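Thank you all for making time this morning. I would like to walk you through one model, and I will begin with a question once it is on the screen.

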Amino acid sequence: MGRLLIVLLLAVAVLLWWKHRQRGKRSEEAAPHRPRESTGPEAMMRCAECGVHLPSSQVLPGRGGVFCCHEHRERFEARQ
Ligand SMILES: [Zn+2]
């Protein structure tokens, strides 16, 4: 019984240590990248359907402009 408790405690300790390690690793990885700041100002593009502004990497190109989502692209192109 006592041995089981020790094993259980060890398992919990390892789990906590591992979680802590994962968290530390993640923040270390995230720090040098800083994608939003290091890539500089991204060109903002406007959805031709609803007019919402999106970073150029997130827009969907379509006929007649760029769009924020498939729905808007389809709606816009249906009217063409
Ligand atoms: Zn839209």
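Is arginine 75 buried, partly exposed or exposed? Arginine 75 is partly exposed, with a relative accessible area of 43%, where buried means under 20% relative accessible area, exposed means over 50%, and partly exposed lies in between, using a 1.4 Å probe and protein chains only.

Before going further, a word on the source. This is a predicted model, in which local features need pLDDT of at least 70 and side-chain atom pairs count only at pLDDT 80 or more, while totals for chains, interfaces and linings use all residues. Residues are numbered from 1 along each chain as its sequence is written, and side-chain values use heavy atoms, with hydrogens and water left out.

Now the overall layout. The protein has three helices and four strands, which follow one another along the sequence as α-α-β-β-β-β-α; helices (H or I, at least four residues) and strands (E, at least two) are DSSP runs, numbered from the N terminus. Of its 80 residues, 14% count as buried.

Let me turn to the zinc ion. Its protein donors are Cys47 (SG), Cys50 (SG), Cys68 (SG) and His72 (ND1), at 1.8 to 2.3 Å from the ion, and donors here are N, O and S atoms within 2.8 Å of the metal (3.2 Å for Na, K and Ca), with the caution that water is not among the atoms, so sites may look incomplete. The angles among the four donor atoms run from 95 to 124 degrees, and the site is tetrahedral, a label given to four donors if all angles lie between 85 and 135 degrees. For reference, the ideal angle for four tetrahedral donors is 109.5 degrees.

In sequence, the donor residues are spaced C-x2-C-x17-C-x3-H. Cysteine 50, in the loop between strand 1 (44-46) and strand 2 (53-55), and cysteine 68, in the loop between strand 4 (65-67) and helix 3 (70-79), are 18 residues apart, and this pair links distant parts of the chain. Both cysteines are partly exposed, cysteine 50 at a relative accessible area of 42% and cysteine 68 at 24%. Histidine 72, by contrast, is buried at 11%, and leaving aside residues up to four places away in sequence, histidine 72 touches Cys47, Glu49, Cys50 and Phe67, where contact means heavy atoms within 4.5 Å.

Glu49 brings me back to arginine 75. Their side chains meet in a salt bridge at 3.5 Å, N to O, by the rule that a side-chain nitrogen of Lys or Arg lies within 4 Å of a carboxyl oxygen of Asp or Glu. Arginine 75 is in helix 3, whereas glutamate 49 is in the loop between strand 1 and strand 2, 26 residues apart. Glutamate 49 also forms a salt bridge with arginine 79, at 3.2 Å, N to O; since arginine 79 lies in helix 3 too, this pair ties together parts that are 30 residues apart in sequence.

Arginine 63 sits in the loop between strand 3 (60-62) and strand 4, and glutamate 77 in helix 3, so the pair ties together parts 14 residues apart in sequence. Here arginine 63 counts as exposed at 57%, whereas glutamate 77 is buried at 19%.

How values were computed: Four donors count as tetrahedral if all angles lie between 85 and 135 degrees; four count as square planar and six as octahedral if opposite donors are over 155 degrees apart and all others between 65 and 115; anything else is irregular.
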